[in-house]
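Hi,

Here is the structure I promised to pass on.

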Amino acid sequence: MSEPIVNKVAESALVTIDLEELLPLEQPVIFDLKDYLFMGLILKEKDFREALKNTNWEQYRQKTVLIICSADAVIPVWAYMLLASYLAPQTTQLFMETPEQWRQRELLAAINRLNSEEYAGKRIVVKGCGDEPIPAEAYFEITRKLQPVAKSIMYGEPCSTVPVFKQK
């Protein structure tokens with residue numbers, strides 16, 4: 001009974017990847033076209049152009065801006081073009097996507113930037129639980145990226161994993 005307790009997980013040489021750590025820290029600014037619609041439904045060209053002329057574009061300087069329309073309205077393509085002509089000179093990044101789409105794209109880009117050689121021959125656990133929801137595409141992408149170099153890939157926590165891939 002005098003044998004020391006051994007933490008087998010700590011000694012296992014597993015490399016844990018927490019995809020939550022790759023999520024963007026920045027919070028983009030939302031530009032909602034709904035606020036520029038007549039009665040929240042219709043885009044009137046003259047009113048839209050006038051509203052854009054009177055907008056304080058400085059508030060978007062050096063920020064990431066996402067253009068959305070939270071109203072169920074048909075927005076003509078030229079309106080997005082006009083909006084881009086005002087916003088692009090002010091922003092660091094400008095996208096026409098929802099915050100969820102932006103977050104997923106940024107996460108996938110962060111995975112793509114990982115140096116896969118750092119994981120060569122390693123046993124990898126991709127953490128499965130966290131405070132932030134991680135899209136399934138991110139788990140797919142990390143597996144696709146690391147499978148050619150990893151010794152094994154597992155999903156979950158180091159103490160309880162689901163085997164995903166094992167090199168032959």
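Residues are numbered from 1 along each chain as its sequence is written, and side-chain values use heavy atoms, with hydrogens and water left out.

pLDDT is the predictor's confidence in each residue, from 0 to 100. The chain averages 92, and 93% of the residues score at least 70. Over residues 6-11, though, pLDDT stays under 50. Where pLDDT is low, the predicted coordinates should not be read in detail.

Now the inside. A nonpolar core is a set of buried Ala, Val, Leu, Ile, Met, Phe, Trp, Tyr and Cys residues joined through side-chain atoms within 4.5 Å; buried means under 20% relative accessible area, exposed over 50%, and partly exposed in between (1.4 Å probe, protein chains only). The largest core has 18 residues, and Ile17, Leu19 and Ile124 are among those that touch the most other members. Helix α4 (136-146) is one of the elements supplying at least two residues, and α4 gives the most, with four. Helices (H or I, at least four residues) and strands (E, at least two) are DSSP runs, numbered from the N terminus. A second, separate core of 17 residues includes Phe31 and Trp57.

Finally, Ile42 sits in the loop between β2 (29-32) and α1 (45-53). Ile42 is partly exposed, at 45% relative accessible area.

Cheers

Notes
This is a predicted model: local features need pLDDT of at least 70, side-chain atom pairs count only at pLDDT 80 or more; totals for chains, interfaces and linings use all residues. Contact means heavy atoms within 4.5 Å.
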